[in-house]
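The following note sets out several points for a colleague who is new to this structure. Please read it with the sequence and the model at hand.

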Amino acid sequence: MTRLVHLTDLHFGRERADLVAPLQEAVRACAPDLVIVSGDLSHRARRAQFHRAMAFLRGLDLPFLTIPGNHDVPLFNLVARMLFPFRGYCRAVPGSMTPDAEVGPLRIFSANTADPHSLRRGILRGRDLKRICAGMRRTPGDGVNILVCHHPLREPPGFERGETKGAAQALPQMQAAGLQIVLSGHLHHWAIGLGITPETPQPILQVQTGTALCGRVGETDHGFSVLDIRPDDVTVTPWLADEASSFHPAAPHRYLRRDGLWHIADQRVGTGVSPL
Ligand SMILES: [Fe+2]
Ligand SMILES: [Fe+2]
């Protein structure tokens, strides 16, 4: 079994200060093989905010990879936003903005869906799609292809932030290339399974994790996801913050893959599209 922690939307600069140390402690306690951070490391793409985000991630003392989110692009400096939108992120985060990784049977690919031309809506670029599909096609038959992106490729019911540009056309192509699991953030809202129910199994398991730390007024879905993955058998456990600012595991969601489709393994623990 391979264990991932999915963290997203840290928003350093507008973070819940009381959750920072408990989050670090809880992630460490999970002892994942890899921590995946799907963007919005900072709140306003400022140097000090990136610095604090990276200090937090390095302080986990675990392997991690990150991608940018829309908040990692300058908002008010229009020159920077248009001419060098990812300069601050790249200065703070060494290596590729779209890192890949191999962990056990997992093949992890990433897309940078942040679009400087849009405040909220994301974009799946053709060059990312091409690279991701080519990589996934090379995965051995017993491997598990996972995509990480900031913006959800499909919005859960009730959300109208704008579909990620290019995603609807890309999903069938990525499915044909062997995509099995998508990890995304941005909505600061939980939706595990995204459309997978006992009646409607799906080829792609989409895990939409809440915000790790964002302290804006009205934010309630604080936590992270733990994924325990075997080929064709995945358990997703949300870890949620309580009123005492500590994180605890909630009911797990287990999915099995049969005939190329994900099914809920046990209705007592899996509820399909499920805001928590
Ligand atoms: Fe965010
Ligand atoms: Fe975002």
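1. Pockets are defined on a 1 Å grid over the protein atoms alone: a pocket is an open set of points where a 1.4 Å probe fits, with protein on both sides within 12 Å along at least five of seven lines, and its lining residues have an atom within 4 Å of a point. Grid points are joined across faces, edges and corners, and a volume is the space filled by probe spheres set on the points. This is a predicted model, in which local features need pLDDT of at least 70 and side-chain atom pairs count only at pLDDT 80 or more, while totals for chains, interfaces and linings use all residues. Residues are numbered from 1 along each chain as its sequence is written, and side-chain values use heavy atoms, with hydrogens and water left out.

2. The largest pocket holds about 400 Å³ of space. It is lined by 20 residues, of which A45, R46, R47, F50 and G88 are the closest to its centre. Helices and strands here are DSSP runs numbered from the N terminus (helices H or I, at least four residues; strands E, at least two). Both α2 (47-59) and α4 (87-92) supply at least two lining residues, and α2 gives the most, with 5.

3. The lining of the largest pocket comprises 10 nonpolar, 3 polar and 7 charged residues. In this scheme Ala, Val, Leu, Ile, Met, Phe, Trp, Tyr, Cys and Pro count as nonpolar, Asp, Glu, Lys and Arg as charged, and the others, Gly among them, as polar.

4. The second largest pocket has a volume of about 230 Å³. Among its 16 lining residues, R44, N70, H71, L119 and R120 are the closest to the centre. By class, this lining has 3 nonpolar, 6 polar and 7 charged residues.

5. Is D115 buried or exposed? D115 counts as buried because its relative accessibility is 7%, where buried means under 20% relative accessible area (1.4 Å probe, protein chains only). D115 lies in the loop between β5 (106-110) and α5 (126-137). Beyond its neighbours within four places in sequence, D115 is in contact (heavy atoms within 4.5 Å) with R81, R121, I123 and R125.

6. In strand β7 (residues 179-184), 6 of 6 residues are buried. Strands pair if DSSP finds at least two bridges between them. β7 runs parallel to β6 (residues 144-148), joined by 4 bridges, and V148 stands opposite L183 in β7. β7 also runs parallel to β9 (residues 205-208), again with 4 bridges; there, I181 has L205 as its bridge partner.

Conventions
Chains are lettered from A and ligands numbered from 1 in the order in which they are written. Buried means under 20% relative accessible area, exposed over 50%, partly exposed in between (1.4 Å probe, protein chains only).
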